[in-house]
Amino acid sequence: MTPAATVRNAGWLRAMPAVFVLIWSTGFIVARYGMPYAPPLKFLAVRYALSLVCFGARVAWPAARAQWGHLAVTGVLMQAGYLGGVWAAVHAGMGAGLVALLVGIQPVLTAVWMSFNGGRISGRQWAGLVLGFAGLVLVVSRKLGQGAEVNALTMGLAVMALLSITAGTLYQKRFVAPCDVRSASAVQMAAALLVTLPFAAMETQAIEWNAYSGGAMAWSVLALSLGGSSLLYMLIQRGTATAVTSLLYLVPPCTAVMAWLLFSEPITLVTVLGIALTAAGVSLVVRSTR
């Protein structure tokens, strides 16, 4: 590799976390555009199928049979379980802010699991996790009282999403060997599609295709699946689970800024303070890991 290529590669590696957060933060924006016109699981099933077509062209497939199984497990957890839980909870009436808060507990849950299983979580990292969570609560607190419906169904779906992405992240870090990100994502999407299809068939509403739902689908496939999911896979392979999941603290604040720009949703002083606390907390975790 030439010196110039080495510099470009190093620059890309440094930019990966920021690019991932920006892409991942558009998930709720896409839901706002597409959700009124499509049932959640049918929408996700089509998304998985189209993503599978995009990922499955001319890739080096895993040679070991065990790797196929490990990738399938992560696909079920991090795609079908996580996305299915989040989208179904929002569709059932839970506010996006509350879903974001519940799923945002993931970095703390990951750190607790690792500390009980021999992982090293320093005092500075714990401080960063707590600080980031406090900032996250401030960002979404103004949305919690805006008619969000909390019942056994919506809470169960949100908790399922939280547990799924946490377990999927830890499982991938532990069992999935480095391989071509395209083939890994293709196997994950195929597993998610197989699990989602039976539940999607039970939804009575049909997808109403228009500019909003079509645009939401295109962004979901090209940006969120091909971009965001691939970046998450690479970040998990390259970094520690605690450092990677701490980046998810930044997603709700970033989404709040996007909603302000796109939908003129107000940003208060409390929101700005929350974003600053969250960024400081993530910085503590990532720097301590390095």
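Analyst: Tyr33, Tyr212, Trp260, Leu261 and Leu262 form a nonpolar patch on the surface, and together they have about 550 Å² of accessible area (areas follow the Shrake-Rupley method with a 1.4 Å probe, and for residues only the protein chains shown count as cover). A patch here is made of residues with over 30% relative accessible area and no salt bridge, where nonpolar side chains (Val, Leu, Ile, Met, Phe, Trp, Tyr) are joined within 5 Å and like charges within 9 Å. The model is predicted, so local features need pLDDT of at least 70 and side-chain atom pairs count only at pLDDT 80 or more, while totals for chains, interfaces and linings use all residues. Residues are numbered from 1 along each chain as its sequence is written, and side-chain values use heavy atoms, with hydrogens and water left out.

Helix α12, residues 251-263, gives the most to the patch, with three residues; helices (H or I, at least four residues) and strands (E, at least two) are DSSP runs numbered from the N terminus. Trp260 lies in this helix α12 and counts as partly exposed because its relative accessibility is 44%, given that buried means under 20% relative accessible area, exposed over 50%, and partly exposed in between (1.4 Å probe, protein chains only).

Leu224, in helix α10 (residues 211-238), is buried, because its relative accessible area is 5%. Not counting residues up to four places away in sequence, Leu224 touches Ile23, Trp24, Thr26, Gly27, Val30, Arg47, Trp219 and Ser229, contact meaning heavy atoms within 4.5 Å. Of these, Thr26 is 198 residues from Leu224 in sequence, yet their C-alpha atoms are 7.9 Å apart in space. Gln188, in helix α9 (residues 181-201), is likewise buried, with a relative accessible area of 5%, and its contacts beyond four places in sequence are Leu71, Thr74, Gly75, Gln172 and Tyr233.

As for the chain as a whole, its secondary structure comes to 13 helices and zero strands, and buried residues make up 47% of its 290 residues. Among contacts between residues at least 6 apart in sequence, 92% join residues at least 24 apart. The chain exposes about 13,400 Å², of which carbon and sulfur atoms supply 70%.

Terms used:
Salt bridge = Lys/Arg side-chain N within 4 Å of Asp/Glu carboxyl O.
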